Amino acid sequence: MTCLANEIAAAVQAAYSTQTPLNILGAGTKSFLGQQDLDGKPLDVTGHNGIIEYDPAELVMVARAGTPLKHIEKALAEHHQMLGYEPPFVDSGATLGGSVAAGLAGPRRAYAGSVRDFILGANFVNGKGETITAGGKVIKNVAGFDLFRPMARSMGTLGVLLKIALRVSPLPEIEKTLLHEEHDERTALKKMNQWVTGTQAISATAWDGEIIRIRLSGSASGVEHARSLIGGEYLTGGDYWHDLNNFKLDFFQQPGRLWRVSVAPMSEPLGENLNQLIDWGGAQRWLISDDPPDEIRSRASQLGGHAECFSKDNEVATFHPLKGSLLAVNQRFKAALDPAGILNPGRLYPERQINGD
Amino acid sequence: MSRTKTSSDPLIAQLRSVLPDSCIVADAVSMKPYECDGLSAYRQMPRVVLLPESVEQVQAIMKICQQSGTPVVPRGAGTSLSGGAMPHKNGVVLSLARLNQILQIDADNRTARVQAGVRNLQISEAVQHLGLYYAPDPSSQIACTIGGNVAENAGGVHCLKYGLTVHNILQVKMVGLDGELVSLGSSALDSPGYDLLALLMGSEGMLGIVVEVLVRLLPRPKVARVLMAAYDDIGKAGNAVASVIAAGVTPGGFEMMDQAAIRAVEGFVNAGYPTDATAILLCELDGTEEDVAAQIGKVEKLLATSGATDIRLASDENERIRFWSGRKNAFPAMGRISPDYYCMDGTIPRKELGRVLTQISAMSGKYGLRVANVFHAGDGNLHPLILYDASRPDEFQRAEAFGAEILDLCVAVGGTITGEHGVGVEKIDRMCVQFDQVSLSQFTAIRRAFDPDGLLNPDKAVPTLARCAEFNAMHVHHGELPHPELERF
């Protein structure tokens, strides 16, 4: 439990006055994401940590950004609660701030919500070294701009997170995984999206080309009812969803670039004979492919979605490029928070793109 | 006969080059209904009211307004309870009411693409045959528009389980002050770039004009059942709510009413509430038959253990609707026992409920005005209804001062000045209590990033530092905010 809020604000102030780029560091578990040619001055925020407030009956936790998720999940589990967005890399030391900044959510995302959906408020240091408060620690709050939500997926380019208030979720009474055989992609997508109309127990679905795995969470009777609706056998042993969430499945160990394609769940297949693993009921499609990046991105765009390259590769940008009026509003928004462009410059998009040079 | 023919306003002449006369309202009689929204104590006649029928017309209007430096006040159905749609005297009111088409329903992906002026309830009605609905249900849902819901991040009775507007919208098309159409979000669950879609939610018309929205639809729960529990003590009722939530149950709706509200409502709709109770809880559980049965057993036990004097399970759908009719008619019921009422909208951490209600009761004595409380108990959103008579001198001023003191208390116990009604013109000074100067300056910088000329819904939602300085000079004693002992979030 250490508070370094003043020290962090002072470091950013100093960097602002000298126009020195900063490279904000958490535990580094997601260093493979985003452009890596950063030569900013390191600003380690892991020392700013600790749970500040947790009252299980309020469903709210407030913690400093450097707090390891492991500590948070342990405190929550003692009261049969959990982080609803199921962040990855908890075992390898990921921090709360890093999980928000990268905005990665686990298999539960399509059924429970994303990282930004669970944030209630935050304190952060903007690019001028000022400590800004947005939101609060109550579930319903419409005072002021919700600047805390765009912190998710911003890769640290909008502010240095200090303190985050989260809505937390009850742990389900029981959780089981069903195996349901299906070889056709369109049928698999259809099934995954139809089952949810008959039960609220589904908390994850994934299809690997042969089998649909369905995670059921809830009361014993609710889970049994869902099983009778879907059919199939229960999976025994292993922790499939943890391995999927942490890139530990055999699928992820294959050679070739790993792409994350985000589309509407019932979108057409990305192509024929793909090496893919479909998650989030069809909304997140993991693809291993050395096809030209532009082709993959353009296919995702055609379907109304976007593609991110999750392999560390200096030749390929992680994030999908922005264009036209959307790029312009992104640039103006970024400049309003970080006018000198010193926060993780280039991590999300090449500097000249997001700062409009 | 053209309704605009008497006007010699050069702005109106320019607008007529891009809009047919039928889209321009400029005479005083026809503009009268637009002089206020649901907060009728604040009124202002606009310069002109515009009712565009296409996105292109909205773009053309915005270009003219930017070039001529004309303020723009967007308006949906005008149901705001915070004066968010109150006109600006030199400005246009831009009504989106005629952009009222449901453009596409995608049953496979469970989404609907609708124009901004489509009414909230209209969406659920249009997809009912598919077994789907749009979850956020503000009490004005029969009238309020989806564009207005985006601007206010509207909530409702079911948002503890099913989320606010922000959790149920995938994409918004917005016209900027410069007339450019920009699309935020997508049909996928996330999109490249910053999450400006989330920023737009609850931004009260300060960032752009919402013209089209892609909403998520949910499968209708198979079963919904409601429990009513009566208490002889507010604290016990508050503890009962905490115990249900702590036990891992997320009710579809979880509401509390105090005795003043119960009695007003019973006299109005006969919902079957016990009028001798100090407080009642309504707890609705929904889902599959199996889930609901399991949860009802659990919740009944918790309510009994927490000291309920009476627990009733609605025996059928009719009784369920009757139980809810009381809560849903709480506001009109006040109209029966008082000429006017002023509805507040603070949110507090639930554990502070007892303390806050005790202090509100003391304030009621101090200001000499009655108050009734209805409460979205599950998420801590409190609606004190202050009863007053506008025809008596200074009663509205007293009601306002009473309301302001309630909001200061909400902030002091770790809550917020508005849970779902928005800041608008009504609570703009209270923003100076909830946020410090650098945060307010940051909000203004965000606003300027989208609206460099300060023309989008000006003088609302985010106070200037000058305004706060003036406010603090009047309200802060010895340089301290109310309740200085409590740390602001």
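Predicted model: local features only at pLDDT ≥ 70, side-chain atom pairs only at ≥ 80, totals over all residues.
Residues are numbered from 1 along each chain as its sequence is written, while chains are lettered from A and ligands numbered from 1 in the order in which they are written.

**Chain B as a whole**

- Chain B has 17 helices and 18 strands; helices (H or I, at least four residues) and strands (E, at least two) are DSSP runs, numbered from the N terminus.
- For 489 residues, a compact globule would have a radius of gyration near 23 Å, and chain B agrees because its own value is 23 Å. That radius is taken over C-alpha atoms, and the globule rule is 2.2 Å times the number of residues to the power 0.38.
- Along the principal axes, the C-alpha atoms of chain B fill a box of roughly 70 × 60 × 45 Å.
- Buried residues account for 56% of the 489 in chain B. A residue is buried if 20 or more other C-beta atoms lie within 10 Å of its own, exposed if 12 or fewer, and partly exposed in between, with C-beta atoms placed from the backbone.
- Take the contacts in chain B with a separation of 6 or more: 71% of them join residues 24 or more positions apart. Two residues are in contact if their C-beta atoms, placed from the backbone, lie within 7 Å.

**Nonpolar cores**

- The largest nonpolar core holds 218 residues, and B:Leu50, B:Ile280 and B:Ile386 have the most contacts inside it. Such a core is a set of buried Ala, Val, Leu, Ile, Met, Phe, Trp, Tyr and Cys residues joined through C-beta atoms within 7 Å.
- Helix α14 (residues 395-412) of chain B gives this core its largest share, eight residues.
- Another core lies apart from it, with 38 residues that include A:Met192, A:Val223, A:Val261 and A:Met266.
- Leaving out residues up to four places away in sequence, B:Ile280 touches B:Met228, B:Ala229, B:Ala230, B:Met257, B:Ile262 and B:Tyr273.

**Where chains A and B meet**

- Chain B and chain A each put 69 residues into the contact.
- On the side of chain B that touches chain A, α16(B) supplies the largest share, seven residues.
- By class, that side of chain B has 29 nonpolar, 28 polar and 12 charged residues. Ala, Val, Leu, Ile, Met, Phe, Trp, Tyr, Cys and Pro count as nonpolar, Asp, Glu, Lys and Arg as charged, and the others, Gly among them, as polar.

**Helix α10 of chain B**

- The 17 residues of α10(B) should span 24 Å at 1.5 Å a residue, and the end C-alpha atoms agree at 25 Å apart. The expected span is 1.5 Å times one less than the number of residues in the helix.
- Among the buried residues of α10(B) are B:Glu290, B:Asp291, B:Val299 and B:Leu302.
- The buried residues of α10(B) pack against elements of both chains, including β12 (211-218) and α7 (220-230) of chain A and β14 (279-287) of chain B.
- Just after α10(B), B:Gly307 takes a positive phi of about 95°.

**Domains**

- Chain A is assigned domain 1 (5-171) and domain 2 (174-309); domain bounds come from an automatic or database domain assignment.
- The C-alpha centres of those two domains of chain A are 27 Å apart, and the contact takes 10 residues from domain 1 and 13 residues from domain 2.
- Chain B is assigned domain 1 (10-95), domain 2 (102-219), domain 3 (223-332) and domain 4 (338-475).
- In chain B, 19 residues of domain 3 are in contact with 15 residues of domain 4, and α8(B) gives the most to the domain 3 side, with six residues.

**Two residues to look up**

- A:His48 sits in the loop between β2 (41-44) and β3 (51-55) of chain A, and it counts as buried because it has 22 C-beta neighbours inside 10 Å.
- B:Ile337 lies in helix α12 of chain B and counts as partly exposed because it has 16 C-beta neighbours inside 10 Å.
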